Amino acid sequence: MSADKSPQVGTPANMRGLNQRAVLERLRTAGPATRPRIATDTGLSKPTVGQALLDLEQHGLVRTAGRTLAGPGRSAVVYEVDPSAGHVLGIDIGRGLIRVAVADLSGAVVARLDERNRARSASALMRIVHESAEKAFDQAGIRIGDVVSTVVSTPGVPDAGSATLQQAPNLPGWERKGLLKELESVLGTEMTVENDANLSAVGEHESGAARGVDASVCVTVGTGIGMGIILDGRLYRGAHGAAGEIGYLPFGWPSGGGMPDIDYAKQRQGMLESAAAAHSVVEHATRAGLTKIRTAKDVFEAARRGDGTALEVVEEEANRLAFVVSSVAAVIDPELVVIAGGIGKNHDLLAVPLERAMGRVTPMRPKIVPGELGEEAALTGAIATALRTARDVVFDRRGRTG
């Protein structure tokens, strides 16, 4: 005889759990409500909803939020999700800045801080991440044990087998073997590390320019180039977690001589990233004679002032982005392409030449829009991802404690 006593499909215990989940999901997605309203929205009977609410309240997942008039002389109790049932931690590790946020289970951010990233080694960066997380806990008035799920956004492709981040050359030492285990020891075992472009796509899909779009991509163009892919409303990672690593697309091969002899061990950035990321805009501007240009931002500001040479550089950047978008459109056929990152902030200058270039290179014309979340996109995606995990974990804990 089996010793497994876990609830089986169709058993009273399992049905009770399903009812609780249905009621909890209704409160999370549509806000506070009375028992009759919840019964109407879920299709459950009022007694079933009442029992589910009682169970959820006892387990600290739901609380009363006051009363409302339901008719002459009558009132009804209003219920809402208890946001204090757990917290999540999101961290976005960038080359220049580390962004940290703590949110409760309602998604409300209860602590938010930025720290400069001046680290020149993986160990130094690990210390900054740890200290930043501790500051955020203090700001939120919680302890690390109150955090149910942590999601870290970082450049690179996480490899769970070797606990290593691959393709993250812009963070010194960040590709060393076993680094993910070190991060886990600092931030806790309920931790997930995700590529920053992927989380930017999640953020724009959850709260930004791609809300409600089931097939979209978010192309992040800044220090490097990356892309996150949303298909059927979910993040698509590919077989090895490297879907969207478009910085490695070949770009600029001579039209007459075939493929050049490329040493990929030296081409760490990938051909497209070398051609279209922020540093290439500066290099192009310098070659064109804009000697006082120091950053890509300088180029775009000069273009806004009407500088003819700067406008030509912007046109060329739009041509290169058109290559990116047309390549992606031919393979993925997204409904929407979000252009984000430092370069993406300049949609006002890029939109017209980008559309013009797209008209020359492809009949496939997805809608192209700027990101809405700016530098908060990856952190927003980290919090959203952590919340999905945390809500399931908290609900499952309820089952065990019950």
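I started with helix α6 (residues 196–207), which lies across β11, β12, β13 and β14 and runs at about 50° to β12. For my own record, contact means heavy atoms within 4.5 Å. Axes are lines fitted to C-alpha atoms, for helices over the stretch in contact, and angles run from 0 to 180 degrees between N-to-C directions. Helices (H or I, at least four residues) and strands (E, at least two) are DSSP runs, numbered from the N terminus.

Housekeeping: this is a predicted model, where local features need pLDDT of at least 70 and side-chain atom pairs count only at pLDDT 80 or more, while totals for chains, interfaces and linings use all residues. Residues are numbered from 1 along each chain as its sequence is written, and side-chain values use heavy atoms, with hydrogens and water left out.

**The sheet**

Next I looked up the strand order. I found 5 strands in an open sheet, β13-β12-β11-β14-β15, with mixed pairing; two strands pair if DSSP finds at least two bridges between them. The edge strands are β13 (234–236) and β15 (367–370), each pairing on one side only. On average, neighbouring strands are turned by 25° against each other, direction ignored. I then checked β11 and β14: they run parallel, joined by 5 bridges. V219 stands opposite I339 in β14. I also noted α10, which lies across β11, β12, β14 and β15 at about 150° to β11.

**The cores**

Which residues have the most contacts inside the largest nonpolar core? I get V219, I246 and I343, in a core of 40 residues. A nonpolar core here is a set of buried Ala, Val, Leu, Ile, Met, Phe, Trp, Tyr and Cys residues joined through side-chain atoms within 4.5 Å. Buried means under 20% relative accessible area, exposed over 50%, and partly exposed in between (1.4 Å probe, protein chains only).

The elements giving two or more residues to this core include β11 (216–221), β12 (225–231), α9 (296–304) and α12 (347–361). α10 gives the most, with 9 residues. I listed what V219 touches, not counting residues up to four places away in sequence: G226, M227, I246, V324, V337, V338, I339 and A340. Apart from this core lies another, of 33 residues, among them V102, W174, M191 and V193.

For α8, I marked A278, S280, V281, V282 and A285 as buried. The cover over the buried residues of α8 includes α7, α9, α10 and α11 (341–344). G289 follows α8 and has a positive phi, near 110°.

Helix α1 (residues 12–30) has 19 residues and reaches 27 Å from its first C-alpha to its last, close to the 27 Å expected at 1.5 Å a residue. That expected span is 1.5 Å times one less than the number of residues. Its buried residues are N14, G17, N19, Q20, V23, L24, R26 and L27. Just after α1, G31 takes a positive phi of about 90°.

Most residues other than glycine have a negative phi. I flagged A163, whose phi is near 55°, in the loop between β8 (157–159) and β9 (164–166). Is A163 buried or exposed? A163 is buried, with a relative accessible area of 8%. I flagged D333 too, with a phi near 55°, in the loop between α10 (308–332) and β14 (336–340). D333 counts as exposed, at 54% relative accessibility.
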